[in-house]
Amino acid sequence: MAERAPFNILDPATAGDAQRRGSDPRELDRCMEQMLSYIYASLPNYPLYLGQRFHAARAAPDRVDRISRLPRELRRDIVSRLPVKDAARTAVLSWRWRTIWLSTPLVLVDAHLLPKGQGFPPTYSTNSQPITAAVSSILEAHPGPFSCVHLICSRMDSYRPQLARWLQLFAAKGVHDLVLVNRPLPLEVPLPATVFTITTLTRLYLGLWKLPGTAALRGASFPHLRELGVLFVEMEPGDVDYLVARSPVLKILNILGCMKGLRLRLVSQSLRCVQIAGSIMENIAVVKAPCLERLILHGSCKRGGGLCTRVRIGDAPKLHAFGYLEPGQVLEIRDTIIMPGIKATTTSMLTSVKILSLTVRFGLRNDVKMVPTLLRCFPKLDRLHIMSKRCDKPTGNLGAKFWEESGPIENVVSGITVMSLREYTGEPGEVGFLEFFFQSARVLKTAIIVTANPIHTPFLKDVAFNKASKSSRNMASKSCKKCFVGSTGPEGGEVLCFKTGAEFSIPDPFCVFEVLTRF
């Protein structure tokens with residue numbers, strides 16, 4: 001009988017303990033592996049050259065070392081772009097290079113310290129001891145400051161004294177870009193409060209930790225922090241609020257995997273982008289955020305008991321892109337709770353929003369009835385993106401007749417220039433919406449229909465294609481470019497990419513870029 005493959009994340013002791021508690025250790029291992037993959041995908045890039053290796057050129061006939069005669073600042077720039085091992089080795093090139101590494105702000109990524117033959121990501125069998133020892137040696141030897149440090153490969157529960165010392169060195173020598181991810185298990189390793197006293201930070205990402213108590217957070221000071229990521233971190237209500245309040249120039253806030261119920265009360269004079277993914281969102285309140293441009297809520301998890309997410313938009317005069325809003329959520333604009341059929345007024349509208357993304361279950365009548373009301377709350381829309389979501393117990397599709405009876409929607413008629421419908425399968429509710437939209441949208445320039453992946457969602461692609469084609473026969477816009485795109489991703493679309501959402505050079509964070517065929 002063939003032996004079963006070893007675990008990727010769980011060590012044998014943890015796997016045995018899970019089995020004794022009645023859990024399937026392989027399913028737990030799969031969940032841990034997926035969780036880590038989400039975390040790694042959410043981390044920021046580091047400023048290193050990891051491309052093609054160049055072979056040494058033949059020495060010049062006069063044997064003059066010209067590269068060592070480059071200006072010192074240029075040599076420091078070269079060293080700053082090398083992985084830490086290669087950067088340290090430059091000291092042996094010549095006397096001109098001897099002090100360059102020590103005088104260059106350090107870039108340290110512990111994934112580059114993995115043993116030879118060990119790929120990334122590390123598995124449970126990866127020995128953390130040599131990695132932590134190498135990190136300790138480098139941090140002690142280098143005088144600082146540290147430009148960028150990513151520590152993501154060690155099980156820190158076994159190396160708490162080393163972690164405490166690292167944070168002391170960061171606070172003393174200065175670090176700008178810091179990523180700290182604990183490899184599970186356990187999941188709730190306490191994060192030393194010292195990290196919240198590192199005043200030089202401009203970017204901070206934390207993964208798989210337990211935040212210290214409120215008292216420690218009240219002492220936090222991040223005068224230069226511009227980007228904060230909190231990934232599968234156990235924390236109490238109000239913890240993120242404290243961190244935001246103590247980060248006066250914070251522009252980007254990313255939260256992933258908050259499973260205890262996230263309650264967020266945003267008050268910030270500097271925030272431009274807030275992204276929350278894969279979390280149980282109880283209450284997201286934008287109280288006062290005069291610079292906020294993007295609010296992206298993706299993959300809201302449901303808690304037992306039918307608790308709905310409440311999203312309140314108060315003072316956010318620059319909010320430009322908003323989604324993925326679900327009709328099942330409770331939306332409050334200023335002091336008005338948006339209900340089906342409510343008449344939009346100046347106090348219940350967000351005129352700054354130009355890009356809106358909705359998640360709609362077209363098989364649920366209550367979801368569909370909410371869509372016209374939501375659209376009227378955003379009268380200045382230029383782009384509309386809809387994610388069609390399957391439902392276990394459909395209550396009936398609402399077709400073209402429902403949309404006709406809903407009456408004209410001003411932004412559909414004369415505002416929206418780009419519309420996309422994702423996870424399309426050709427169900428009657430989707431087709432009815434498309435017919436209404438195409439017959440109403442006079443200034444529409446681009447329409448993109450993205451079918452679901454048939455591997456995950458069985459449907460007849462040719463039939464769906466024909467329905468989409470027929471729905472566009474009587475288009476109000478004669479100059480619209482129509483695209484039919486086949487998805488190869490997971491059910492419900494790809495996991496939110498924080499990098500895309502926070503990249504302001506990309507004007508529309510919800511846009512579908514890949515176009516396969518046209519109809």
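Predicted model: local features only at pLDDT ≥ 70, side-chain atom pairs only at ≥ 80, totals over all residues.
Me: Hi! Let's begin with helix 5 and helix 6. At what angle do they pack?
Reply: Helix 5 (residues 128-141) and helix 6 (residues 160-173) pack at about 25 degrees, and their axes are 10 Å apart. Angles under 35 degrees count as roughly parallel, so helix 5 is roughly parallel to helix 6.

Me: Is the crossing left-handed or right-handed?
Reply: The crossing of helix 5 and helix 6 is left-handed.

Me: Which residues make the contact?
Reply: Helix 5 brings T132, V135, S136, L139 and E140, while helix 6 brings Q162, R165, W166, L169, F170 and K173. Sorted by class, the contact has five nonpolar, three polar and three charged residues.

Me: Nice. Now the largest nonpolar core: which residues touch the most other members?
Reply: Those are F170 and F322, in a core of 114 residues. Helix 12 (residues 428-440) gives the most to this core, with six residues.

Me: And what does F170 touch, leaving out residues up to four places away in sequence?
Reply: F170 touches L139, F146, V149, L151, V175, L178 and I198. L139 also turned up above, on the helix 5 side of the contact with helix 6.

Me: What about a second core, how many residues does it have?
Reply: The second, separate core has 32 residues, including I9, L43, L114 and L231.

Me: Switching to M32, where is it found, and is it buried or exposed?
Reply: M32 is found in helix 2 (residues 25-42). Its relative accessibility is 7%, so M32 counts as buried. Not counting residues up to four places away in sequence, M32 touches I9, L10, P184, L185 and L187.

Me: Now the backbone. Which residues does a cis peptide bond join?
Reply: One joins G144 and P145, with omega about -5 degrees. P145 is found in the loop between helix 5 and strand 2. Another joins G323 and Y324, with omega about -10 degrees, and Y324 is found in strand 12 (residues 321-325).

Me: Which residue other than glycine has a positive phi?
Reply: F232 is one of them, with phi near 50 degrees. F232 lies in the loop between strand 5 and helix 8, and counts as buried at 18% relative accessibility. E423 has a positive phi of about 65 degrees. E423 lies in strand 17 (residues 418-424) and is buried, with a relative accessible area of 5%.

Conventions:
Residues numbered from 1 in each chain as written. Heavy atoms only, no water. Axes fitted to C-alpha atoms, helices over the stretch in contact; angles between N-to-C directions. Helix = DSSP H or I, 4+ residues; strand = E, 2+ residues; numbered from the N terminus. Parallel < 35°, antiparallel > 145°, perpendicular 65-115°, else oblique. Left-handed = near helix turned anticlockwise from the far one by under 90°. Contact = heavy atoms within 4.5 Å. Nonpolar A, V, L, I, M, F, W, Y, C, P; charged D, E, K, R; others polar. Core = buried A, V, L, I, M, F, W, Y, C linked by side-chain atoms within 4.5 Å. Buried < 20%, exposed > 50% of the residue type's maximum accessible area, 1.4 Å probe, protein only.
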